[in-house]
Structures are given as structure tokens and as C-alpha cells.
Amino acid sequence: MSHPVPTITIETLFPALSKKNSDVVALIKIAHPAMAALKSSRTKLNIVFAIDVSGSMSGILSNSAVAIPEPVVPIAPVQPMPGRIDPFGPMLGGQRYQPFMPQLQGRLEYKTKLDRVKAATIKAISQLQEDDRFGIVTFDGQVRTVVESTLATAEAKSAAIAKINQLHAGSSTALHAGWKSAAEMVCQNLDPKMVNRVLLLTDGEATDGIRDAKTLAAHAGTMSEHGVTTSTFGVGDQYNEILLQGMAESGDGRYYYLEGDANFEQLFAEEFQGMSRLYGSDVRLRVHAADTTTLEFHNDLPVTPQGWKLPNAVHEKVEYYLVTLKQSVVNQDALDFMVAYDYKNDGVVHTVSVEHSIGVVSDKSFALMKPNDLVGKKQLELETARAKEKAMEALDRGDYQASRGILTASAMSISASAYAAAPEFMAQSARLETLMNVGDSGDSTKLRKMASYDTYATRNNHSS
């Protein structure tokens, strides 16, 4: 069977350019192939959970003030609740599956951050299949191996769930040591045909051992080069988002902000669906044009010598990347450029490339042209993300009024645009209003996490 190949198409804001309008705004669409069309099976997982059990994890999670009762592990799998859509279902390739879950009596609400992390981890483990592997490491001031890496049999999952339910909060946060121990456990069963990943869950800063964010990101990058990736989950509002986002980006994984009780299950499901559909890693995007052309990449993703670093290639996902090509002089009949998408599959680097040409017309003809709505919407979406980033830079300088002013101007830009009534931009306007309300309440810590995560998710084509 041949390796999966994404389809790349390019659309421009205007169908041509004139000599007075020499900037080409190009939207690159990358459509990843469906698993069914290729008769592909889900990707097997080799994962280790690194769970923060420091003292701060006993704190109450936002929007969740009622403690869960003690769960009872059933002898046999239980049926899903009738009429409920399981967000983890897609990772199973459409198969009917009875999740191996503890029975919980009473209200499904959670009092502490650790309670919610435990429940989300139990949910994730219950969805693993018997040819997956998993392990569990916890860390506070010390690192403990709770479950050695094992195949995800029903017996192993039952035993792990019982141990998870016994976890309790401890002292300080040896984040690097906990992550390192989990990465070493993944290495014990490293398999290039599997997703080999550490899932790091924490609610705070690294207080013991290595604490520098850049150093921790570099270590995650080194492990990624050796085949072990890292996804990070920030729990609540006190963790270091710069540290966790940096580790995920360098570690070729994903970063998540578990803002409150409501989005735990959704974001855990998103991570597991992405892992089970992953078919390419070490992804890069390159744009080649004439020497007189400069490029602006609106997604603002990390730059490497090989190109812009993109998220892993995942079956059935659609991604959009926006680039502006600026020419110092327009002295030809057309601007030609090429887009190249590189990814590693089974250890081999593959490249998919497409060429695009946009003609030059008279100023009069150009003035009659209408913009492409899809490109215009993506441009406004990324401008909103950039405004949130600028607002956070002002906040970091201690200038909340400037920060609020930037958010206000962004909301006004949406209102004045042709897309103000579109559902996605009505939601954006509501989100900006929420950010300003959080800032007005004086909670700058939460404001920073919300805005920076929105920006990260938009630029990486993730749901936020």
C-alpha cells in the first residue's frame, strides 16, 4: 500500500494583481486523506501519562465545586449512556465499542483539579485497545512509577484505574524529572510504527530541578528527534503557559489549556483522535517565489531551516495557512510560486508540491474584482489572533489599558467587516467580549492564558 498523500490547493484573495497592487494574499489548503479511502487502520499508541500531584492540584477547578463520589470499577464493560455521543468514538475507526469505564454514582462534577485529571485519565485509558501500550508516572517533589508500561488489556486497565483513584496531592513540582521519567518509559518500547508520546498534565510551574522554559523545551525537542513526542495539558490558571506551549511545539506534540471542567473530555478526545489518525511527523511547509518576492506567514508558526514547522499530519483533518507574497516590482505578466509540504512517514521524508500562477491585469480591471470570501475570512481570523498576541504583550508590560484597547479595536474590526454576521465571527466577537470582561475583573493571569491559547489554536488549525 502506498503512503498517504495530502491534497494541496491554493486560493488567493483576488484572482489577479495589478502593478499598483503587488501583494498576493494566498490561502494554502491542506486536506489530509480519509482513512477509509486508504483502508488504513488506526495508529497504535505507546503513551505514558506524566501526572502532576503537587499540593496545588488539590485546589478547586473553575466551574466545578462539587466533589465526585468514590467510583466503583465494574467487573464487565458497561454500555454508553443512550443517546450520548462519545467524543472518543472517532478514534476507534467507526467500530462499535463498549468503553471499559468505572460506574459513577451521583453528579458527575469535580471539586479539585486532581479529581478531574484522574477522571479524564481514566476515560482515556478506558478507550485504549489491547494492542496499545500505556504507563503512568506521577510527580510532586518526587517521581513515582504508578503503572509500568503495559499492553492495554482489560485487566491492566482495571488495575490502573484502581491505582489512579488512590492518587492524592503531595508537595512541590519536579516537572522535568517527571517528564524525563515518562519519556524514558516510552523509550523502553519505542516503535516507529506507533505514536510514542508523553502526555504531561500539570497545573503549575516547575519548582524542582530544571525550571527554565527554554531548557525544558530544548529537552523535549531532543527527545522528539529520537522519536518520543510530548503533548502538554495545562490545568486551571496557575501553570506556566510559555513553558508548556514551548515543550509541546519543540516536542512535536500539542498544547492544551484545560480551562474549566467543561472542556476536559473534549480536549482529551481531540488528542487521542489525533494520535490514532496520525500518519506523518516532522512536518514543514515551504513557499518558493522569485528572488524579488518577500514572504509573510500569517500563522506565525516556528521557523526552521527546512521551512515553517506545522502540526503532525493527521488523517481527515483540513488545515489552512495564509501567506502574503510581496513584490518590490511587478514587471512580468504573472507571479509564479510553488508550495511544498514535507512530512516523515515510516521514517522516510515525502514531499507534495503544487505550483500556482496569478496574472497581472490593469488597475481598472483589478478595481472591479471582488475578494474571495474564504481567503478574506481566514485573513480576518488570523488578524484577530495576532491582535490577541499583541494584547498579551501589552499585558506583560503591565499596561492593561493598552491591552484592552487592542482587544476593543479587534472587536470593532470584526464588526466593520463584511463577515460580522458569519457564525464564526459572531463567536469571535463574543470571545473578545469575554476576554475583556475577564481583564476588567482583574484576573490578568486567566486573561493571558485564554488569549494566548486562542492564538495558538487558531494558528495551528486546532479547535480552541
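Analyst: Helices (H or I, at least four residues) and strands (E, at least two) are DSSP runs, numbered from the N terminus. The model is predicted: local features need pLDDT of at least 70 and side-chain atom pairs pLDDT 80 or more, while totals for chains, interfaces and linings use all residues. Residues are numbered from 1 along each chain as its sequence is written, and side-chain values use heavy atoms, with hydrogens and water left out.

A cavity is a set of points, on a 1 Å grid over the protein atoms alone, where a 1.4 Å probe fits but cannot get out; lining residues have an atom within 4 Å of a point. Points are joined across faces, edges and corners, and the volume is the space filled by probe spheres set on them. Two cavities of 30 Å³ or more are found in the whole structure.

Helix α9 (residues 373-396) gives the most to the lining of the second largest cavity, contributing three residues. This cavity has a volume of about 40 Å³, and Asn299, Tyr320, Lys378, Glu381, Leu382, Thr458 and Asn461 line it. Its lining comprises two nonpolar, three polar and two charged residues (nonpolar: Ala, Val, Leu, Ile, Met, Phe, Trp, Tyr, Cys and Pro; charged: Asp, Glu, Lys and Arg; polar: the others, Gly among them).

The largest cavity has a volume of about 130 Å³. It is lined by 14 residues, of which Gly253, Lys309, Leu310, Pro311 and Asn460 are the closest to its centre. Six nonpolar, four polar and four charged residues make up the lining of the largest cavity.

Turning to the rings, the structure holds 15 aromatic pairs (rings of Phe, Tyr and Trp, its six-membered ring, with centres within 6.5 Å; planes under 30 degrees apart are stacked, over 60 edge-to-face and the rest tilted). Phe49 and Phe272 are stacked, at 6.4 Å centre to centre and 20° between the planes. Phe49 belongs to strand β3 (residues 44-52) and Phe272 to helix α7 (residues 264-277), 223 residues apart, and the pair links these distant parts of the chain. Phe49 counts as buried because its relative accessibility is 0% (buried is under 20% relative accessible area, exposed over 50%, partly exposed in between, with a 1.4 Å probe and protein chains only). Phe272 is likewise buried, at 0%. Phe297 and Trp308 are also stacked, because their ring centres are 4.1 Å apart and their planes lie at 20°. Both Phe297 and Trp308 are buried.

The charged side chains form 30 salt bridges, each being a side-chain nitrogen of Lys or Arg within 4 Å of a carboxyl oxygen of Asp or Glu. Helix α7 takes part through Arg277, tied to Glu316 in the loop between β13 (313-314) and β14 (318-327), 39 residues apart in sequence.

Lys377 forms a salt bridge with Glu424, with the closest N and O atoms 3.5 Å apart. Because Lys377 lies in helix α9 and Glu424 in helix α11 (residues 423-440), the pair ties together parts 47 residues apart in sequence. Lys377 is partly exposed at 25%, and Glu424 is partly exposed at 37%.

Key: 1 Å grid on protein atoms, 1.4 Å probe; cavity = no way out; pocket = protein on both sides within 12 Å on 5 of 7 lines; lining within 4 Å.
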